[in-house]
Amino acid sequence: MSRPAGWMTTLTGRPAMRSPGHPPCRREIELWFWRRIGEGLSSEDAAHAVGVSSSVGSRWFRERGGMATLLRDPATCRYLCFAEREEIALLRAEGKGVRAIAREIGRSPSTISRELRRNAATRGGKLEYRPSVAQWKAELMARRPKTAKLAADDRLRGYVQDRLAGKVRRLDGTAVAGPQVAPWKGRNKPRRADRRWAKAWSPEQISARLKVDFPDDPSMRVSHEAIYQALFVQGRGALARELTACLRTGRALRVPRARVGQRGKGYITEEVMISQRPAEAADRAVPGHWEGDLIIGTGRSAIGTLVERSSRFTMLLHLPPLPGAGPRVKNGPAVTGAGAEAVRDAIAAQLGQLPGHLRRSLTWDQGKEMAQHARLKIDLGLQVYFCDPQSPWQRGTNENTNGLLRQYFPKGTDLARHGPDDLAAVADALNGRPRKTLGWRTPAEVLDELLAAAA
């Protein structure tokens, strides 16, 4: 027997709601998930921490582009929460009336009465109050969908799309197609492969330029964060996600800050961070404090660089291909000697030739190649310190030297073809250049003076 039209509105006092099936996870669970992401957990670990499957966590992370767009502040007491709904269900099952329930949880009787009518389950044709269903219905009714500004304003969206993904043109106005690229698959930019040619303005540049191009039109305004969210968050309906390929970073998802630089750093402790480095190393007054890093080439080839902070004297570490190394395997072991043992031996061979007062400390980036830094301290008495994650300026002398070395060892070339004699010749060329910061003396001359003063 069919029910009369409008029976649900009469029964519940609200319009009929279409059920998508099993109620989804509560909103507060997703909020807990994003709090765990903010702590640096992966999407799988964060999902397990809040009690959902890893596939659900991955879907949440992917759909929101790695951005916690949900309000992460704790909910206020203005509205009923899930704990209160559970208590209402328990008290209702005990047979207590509306006013008794209201006294128990400290709410108005009208609030309880309305809750029992509007958010009750109606699948069986009668009102049955279940807290999970009630929470889902309350969240569904509380949504305030707001159309994104870029989706509603065609003129503004066209301006943003043209500056972000517009064609590169020659001086005569003809478009330049650029190299052929593979279809976008929702992943980050390909490594060492052609990328899409576009104007590629950054969202910040677009947002700032709108004020210059349309000074008297307040409707032509959009923040750079709104542009990022339109690119990364699915369902915004403004910008296609494949336009992330036009961003400078080429990222398809945002990476939470707390997650950056967490993996593979078990050998780094607070005692070896740059904040513990002695002050004498920072002011360059005392010689013997070094900075180091690797410059990388194709085929997982590498050259180590060491620079003394006081004299700017440079040493290059020869890291030849490992004996019996096969072809390069993606995400496989190093083909050249850029592993921890090879780098440790190369540093010991170079700095071991110097007197003890000229090998006081070494500051390195947080790379796995320095996993055996404790052995260097034992063998050479050399204390190794590590920079903070994503902070190359903390070893600025070495970064500047690496820039000079790229004149001899450009990016995208095989560095394993250069022998130790070639590296020694390049290092000698750098050490023979006069430096303004040294009063136009050369690093080699300054190091000779330091050695002579200690003799």
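# Briefing: strands, a helix and salt bridges

Glu449 comes out as partly exposed, at a relative accessible area of 41%; on this scale buried means under 20%, exposed over 50% and partly exposed in between, using a 1.4 Å probe and protein chains only. The model is predicted, so local features need pLDDT of at least 70 and side-chain atom pairs count only at pLDDT 80 or more, while totals for chains, interfaces and linings use all residues. Residues are numbered from 1 along each chain as its sequence is written, and side-chain values use heavy atoms, with hydrogens and water left out.

**Salt bridges**

- The structure has 16 salt bridges, each one a side-chain nitrogen of Lys or Arg within 4 Å of a carboxyl oxygen of Asp or Glu.
- Glu449 pairs with Arg441 at 2.6 Å, N to O, and Arg441 is partly exposed too, at 33%.
- Lys199 meets Asp162 with the closest N and O atoms 2.9 Å apart. Lys199 sits in the loop between strand E2 (175–176) and helix H11 (203–213) while Asp162 is in helix H10 (residues 154–165), so this pair ties together parts that are 37 residues apart in sequence.
- Both ends of that pair are partly exposed: Lys199 has a relative accessible area of 37% and Asp162 has 29%.
- Arg344 and Asp345 form a salt bridge, with 2.9 Å between the closest N and O atoms. Here Arg344 is buried at 14%, whereas Asp345 is partly exposed at 43%.
- There's also a network of salt bridges linking Asp293, Asp365, Arg395 and Glu399.

- Helices (H or I, at least four residues) and strands (E, at least two) are DSSP runs numbered from the N terminus.
- Strand E4 covers residues 302–308, and seven of its seven residues are buried.
- Ala302, Gly304, Leu306 and Glu308 point one way from E4, with Ile303, Thr305 and Val307 going the other way.
- E4 pairs with strand E3 (residues 289–296) in the antiparallel sense over seven bridges; pairing takes at least two DSSP bridges between the strands.
- Across that pairing, Gly292 stands opposite Leu306 in E4. Five residues separate E3 and E4 in their hairpin, and Gly299 in the turn has a positive phi of about 65 degrees.
- On to strand E5 (residues 314–317): four bridges join E5 to E4, and the two run antiparallel.
- Val307 has Thr314 in E5 as its bridge partner. This hairpin also has five residues between its strands, with Arg312 in the turn showing a positive phi of about 65 degrees.

**Helix H8**

- H8 spans residues 131–142, which is 12 residues, and its first and last C-alpha atoms are 16 Å apart, close to the 16 Å expected at 1.5 Å a residue. The expected span is 1.5 Å times one less than the number of residues.
- Pro131, Val133, Ala134, Gln135, Trp136, Lys137 and Ala138 are buried in H8.
- What do those buried residues of H8 pack against? They pack against helix H5 (82–93) and helix H7 (109–118), with contact taken as heavy atoms within 4.5 Å.

**Cysteines**

- How many disulfides are there? The count is zero, using a pair of cysteine sulfur atoms within 2.5 Å as the rule.
- Cys387 is buried, at 0% relative accessibility, while Cys81 is partly exposed at 32%.
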